[in-house]
Amino acid sequence: MTAPNSRPNILILMVDQLNGTLFPDGPAQWLHTPNLDRLAAKSTRFANAYTASPLCAPARASFMSGQLPSRTGVYDNAAEFASSIPTYAHHLRRAGYYTALSGKMHFVGPDQLHGFEQRLTTDIYPADFGWTPDYRKPGERIDWWYHNMGSVTGSGVAEITNQMEYDDAVAFEAEQKLYDLSRGQDPRPWCLTVSFTHPHDPYVARREFWDLYNDCEHLMPEVGPIPYNDQDPHSKRILDANDLENFEITDADVARSRQAYFANISYLDQKIGGILDVLERTGQEAHIVFVSDHGDMLGERGLWFKMSFFEGSARVPLMISAPEMAPGLVTDPVSTIDLCPTLCDLAGVSMEDVMPWTDGESLMPLGNGGTRTSPVAMEYAAEGSYAPVVALRYGPWKFTRCALDPDQLFDLSTDPQELTNLAEVAEHQGTRLTLRAKSEARWDLAAFDADVRESQARRWVVYEALRNGSYYPWDFQPLRDASERYMRNHMDLNVLEENQRFPRGE
C-alpha cells in the first residue's frame, strides 16, 4: 500500500442530469466546452458508462458506495442513506485523506456527511422523507414535488435562477478551498468533490451561454415523439407522472429547452475551467474524475428528464485523468458504481474489508488496455414506477425486466435509438433467455418489491410524525466560525499573513 504522504490528490467534478450520448469520445465536437475538451484529451474516456439508477439520490448513493440501490436501500429521492454504509470518502479518510464536498449529493437522513470531513455548502434539495413515493397508490401524482412538463414549456433565458445561485456558490467555495489547500498547512493528501446541479432542468440559461447555440443544428431530437399508446408501459407511467396530458409541447418548446440545456453545459464548462485554473496556478497536482449522476432524455421519443433505462437517461459521461490510466477511448460498458473501487485503487487504499458486499469493480485495468466481460446492472424503484424495474447492459445488448411489463431487449450495435424490441423475435430468444437467467440470478423482483414497499410505508409514518409539533430539519448547515477567519486578536498578524500566502514570500 502506498505511503500516505505519497498518495495522489483527487478532484471529482460531478454534474447533474448530463446526457452521456453527448459524450461519445469526450464532449461532442459541436458543444462549446473548451475546458472539458482539454480535460478529455488527457483522460481515459468511457463511451458507455451507465448510472446505477436514473434518479439523483439513488444514483449518488450508489456512486459513493459502489453498491446498487437494492443494497443501499436508497430507492428514491427520499430514502435514507444509512451511516453504516462506507463511501469512497470513508475509505480515503480512513487512509489519511482530507475529504471535502462542495455542492450537491442529495443525502437523505440526519447524516449529511457520509465520510466527508467538511461540507462547504448546504444541499439544494431537502434531506427529509417528504419526497417518498407510494406504491400503495399507483398512478397518484404528488403535484408539489413531481416533475412536470412546465420545465419544458417554461424554458428560456434568465440571468439568475435558484440553480444558478447554487452552482455559482459551489464553484466559488471549491476555488476558495483549493486556494486554502495550496497553502500547505495540512500535510494530508486531499479528495475534493465538487458537485453541480446543472444542467438539470428547469431549462433556463444565461444569455452569454444561450447565444452560443443560436445556430445549433441539434435543437430537435433525432427521434420525435412516439404516440402515447405506442410507448412501452414504463414510459407511459413516466409520461403520466410528468403530467403530460395537461401540457401542450410545441416544437418551439422543445428547441428552446434543448438550447438552454446545451447552454448550461457551457456554463458548467466555464465553472470547471475556473476550478482547473486555480489548481494549475497553485501548482497542485491531482487525479481528476468527471462524471454525471444520470442523464436526460431531452425530448427523444417524447420523453424528458430521467427515470428510464433508455440511453439518454441512463448513460452518463465519465472521464478519468490519472497517470495510472492511459488517455484514450474505452467502449466496454461500465457503471458509476465502479468509481468507488477505482478511486481507492488509484489512491492505493484497500477496500478488502467490504469487497464481498460491493457491486462495482475498479476501472484501472480498462485504462490500461484491459477488457470487461461482466454485465452492467441498473435498478429503478422510484416515482413513475409501480414496481422495481431492472436492466443489464451486456456487450451490445440491453435487457430490461419488470414484473408488471413485457421484457425489453435491444441490440445497441445496430439499434442505438432502441426502436426495435427484440424480446419476442424468434431468432433472439437465445440471447433473451441468457440475459433473463442472468437477471433472475441477480434479482428476486418479488423480494425487491417487498423491500421497497416496506421502506416507503415506514418513511410515510416517520415523515408525518416529525411534521407534527416542533420541526428540526436535517438540511446541512455549513459552519463558519467568524472568530477563526481572516485576522483576529488571538493571532499574530505577521505569521497569519505569511501562512495565508501562496506562494510564500522570499
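How many residues apart in helix H9 (residues 251–281) are Arg-256 and Asp-253, and what is that separation in helical turns?

Analyst: Arg-256 and Asp-253 are 3 residues apart in H9, and therefore about one helical turn separates them. The model is predicted: local features need pLDDT of at least 70 and side-chain atom pairs count only at pLDDT 80 or more, whereas totals for chains, interfaces and linings use all residues. Numbering runs from 1 along each chain as its sequence is written, and side-chain values use heavy atoms, with hydrogens and water left out.

The two residues form a salt bridge whose closest N and O atoms are 2.7 Å apart; the criterion is a side-chain nitrogen of Lys or Arg within 4 Å of a carboxyl oxygen of Asp or Glu. Buried means under 20% relative accessible area, exposed over 50% and partly exposed in between, with a 1.4 Å probe and protein chains only.

The whole structure holds 34 salt bridges. Among them is Arg-60 with Asp-293, where the closest N and O atoms are 3.0 Å apart. Arg-60 belongs to helix H2 (residues 56–65) and Asp-293 to the loop between E9 and helix H10 (311–314), so this pair ties together parts that are 233 residues apart in sequence. Both Arg-60 and Asp-293 are buried. Another salt bridge joins Arg-372 to Asp-338, with 3.2 Å between the closest N and O atoms. Here Arg-372 is in the loop between helix H11 (339–347) and strand E14 (376–380), and Asp-338 is in the loop between strand E13 (334–335) and H11, so the parts tied together are 34 residues apart in sequence. Arg-372 and Asp-338 are both buried. Salt bridges also link Asp-407, Glu-424, Arg-432, Arg-436 and Glu-440 in a network.

Arginine side chains also face rings. The charged end of Arg-301 sits over the ring of Phe-310, 3.8 Å from its centre, and that of Arg-467 sits over the ring of Tyr-471 at 4.0 Å from the centre. The rule asks for NZ of Lys or CZ of Arg within 6 Å of the ring centre and within 35 degrees of the ring normal. Tyr-471 lies in the loop between helix H13 (445–466) and helix H14 (493–499) and is partly exposed, with a relative accessible area of 33%. With Val-462 and Leu-466, Tyr-471 makes a nonpolar surface patch of about 220 Å². Such a patch joins nonpolar side chains (Val, Leu, Ile, Met, Phe, Trp, Tyr) within 5 Å, each residue having over 30% relative accessible area and no salt bridge.

Rings also pair with each other: Phe, Tyr and Trp (its six-membered ring) count if their centres lie within 6.5 Å, and planes under 30 degrees apart are stacked, over 60 edge-to-face, the rest tilted. The count is 17 aromatic pairs. In one of these pairs, Trp-145 and Tyr-146 have ring centres 4.8 Å apart and planes at 75 degrees, so the pair is edge-to-face. Trp-145 is buried at 9% relative accessible area, and Tyr-146 is buried at 10%. Ring pairs also link Trp-30, Tyr-203, Tyr-213, Tyr-261, Phe-262, Trp-304 and Phe-305 into a cluster.

E12 pairs in the parallel sense with strand E2 (residues 44–46) over 3 bridges, and Thr-44 stands opposite Gly-328. Strand E1 (residues 10–16) has 7 of its 7 residues buried, so the rest of the structure largely encloses it. E1 runs parallel to strand E7 (residues 190–199) over 6 bridges, with Cys-191 as the bridge partner of Ile-10. E1 is also parallel to strand E9 (residues 287–292) over 6 bridges, and Val-15 stands opposite Ser-292 there.

Notes. Patch = residues over 30% accessible without salt bridge, like charges linked within 9 Å, V, L, I, M, F, W, Y side chains within 5 Å. Areas by Shrake-Rupley, 256 points an atom, 1.4 Å probe, with all protein chains shown as cover. Helix = DSSP H or I, 4+ residues; strand = E, 2+ residues; numbered from the N terminus. Pairing = 2+ DSSP bridges.
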